[in-house]
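Here is a short report on one protein chain. Please keep the sequence and the model in view while reading.

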Amino acid sequence: MKHLNFKFRKKNKTTDVLSFPIKIKNKRNLYVGDIAVSYEIIKERSKDTNFSLEFDKMWIHGYLHLIGYDHKKFSDYKRMFKKEKLILKYFHKKN
């Protein structure tokens, strides 16, 4: 992840998730890009919760980046975090 973060973002540090959106001219195409997640970071975070939950948090975060969300400003962060929680709740609802 550190290598990918440096190669594509010029940041020489590791990160938990990276999103690589693609520019689509044909809006009917469902492919929006790629997401890379750090197994090591998810494994570490899952010591206090569980792996599935932490993995889902990461891909949801990455997916939201792919469809245009960001968190450069605090107001954007709050909007994105609210959407993450809503999606996570859907996948981890109790039956």
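Start with the ring rule: rings of Phe, Tyr and Trp (its six-membered ring) pair if their centres lie within 6.5 Å, and planes under 30 degrees apart count as stacked, over 60 as edge-to-face and the rest as tilted. By this rule the chain holds seven aromatic pairs. Two of them come up again below.

The model is predicted: local features need pLDDT of at least 70, side-chain atom pairs count only at pLDDT 80 or more, and totals for chains, interfaces and linings use all residues. Residues are numbered from 1 along each chain as its sequence is written, and side-chain values use heavy atoms, with hydrogens and water left out.

## Overall layout

The chain has four helices and two strands. Their order along the sequence is α-β-β-α-α-α. Helices (H or I, at least four residues) and strands (E, at least two) are DSSP runs, numbered from the N terminus. The C-alpha trace spans about 40 × 35 × 25 Å along its principal axes.

The chain has 95 residues, and 25% of them count as buried. Buried means under 20% relative accessible area, exposed means over 50%, and partly exposed lies in between (1.4 Å probe, protein chains only).

Contact means heavy atoms within 4.5 Å. Take the contacts with a separation of 6 or more: residues 24 or more positions apart account for 34% of them.

Charge is next. The chain carries 24 positive and 10 negative side chains. Lys and Arg count as positive, Asp and Glu as negative, while His and the chain ends are not counted. The centres of the two sets lie 7 Å apart. Each charge is placed at NZ of Lys, CZ of Arg, CG of Asp or CD of Glu.

## The nonpolar core

Which residues make up the largest nonpolar core? There are six: L53, I60, L64, Y69, M80 and L88. Helices α3 (51-66) and α4 (74-91) each supply at least two residues of this core. The largest share, three residues, comes from α3. A nonpolar core here is a set of buried Ala, Val, Leu, Ile, Met, Phe, Trp, Tyr and Cys residues joined through side-chain atoms within 4.5 Å.

M80 has contacts beyond its sequence neighbours. Leaving out residues up to four places away, M80 touches H61, L64, H65, Y69, D70 and H71.

G68 sits in the loop between α3 and α4. It is exposed, at a relative accessible area of 57%. G68 and N50 are 18 residues apart in sequence, and their C-alpha atoms are 28 Å apart in space.

## Aromatic residues

Y77 and F81 both lie in helix α4, four residues apart, about one turn of the helix. Y77 is partly exposed at 39% relative accessibility, and F81 is partly exposed at 37%. Another pair is formed by Y90 and F91. Y90 is exposed, with a relative accessible area of 54%. F91 is partly exposed at 45% relative accessibility. The geometry of both pairs is given here.

| Pair | Type | Centre to centre | Angle between planes |
|---|---|---|---|
| Y77 and F81 | stacked | 5.9 Å | 15° |
| Y90 and F91 | edge-to-face | 5.2 Å | 85° |

Elsewhere, Y39, F51 and F55 form one aromatic cluster.

Is N5 buried or exposed? N5 is buried, with a relative accessible area of 0%. N5 is found in helix α1. Apart from neighbours within four places in sequence, N5 is in contact with K10, K11, K13, T14, T15 and L18.

K10 lies in the loop between α1 (2-9) and β1 (17-21). K10 is not a glycine, yet has a positive phi of about 60°. K10 is exposed, with a relative accessible area of 61%.

T15 lies in the loop between α1 and β1. T15 is buried, at a relative accessible area of 15%. Not counting residues up to four places away in sequence, T15 touches M1, N5, S38 and I41.
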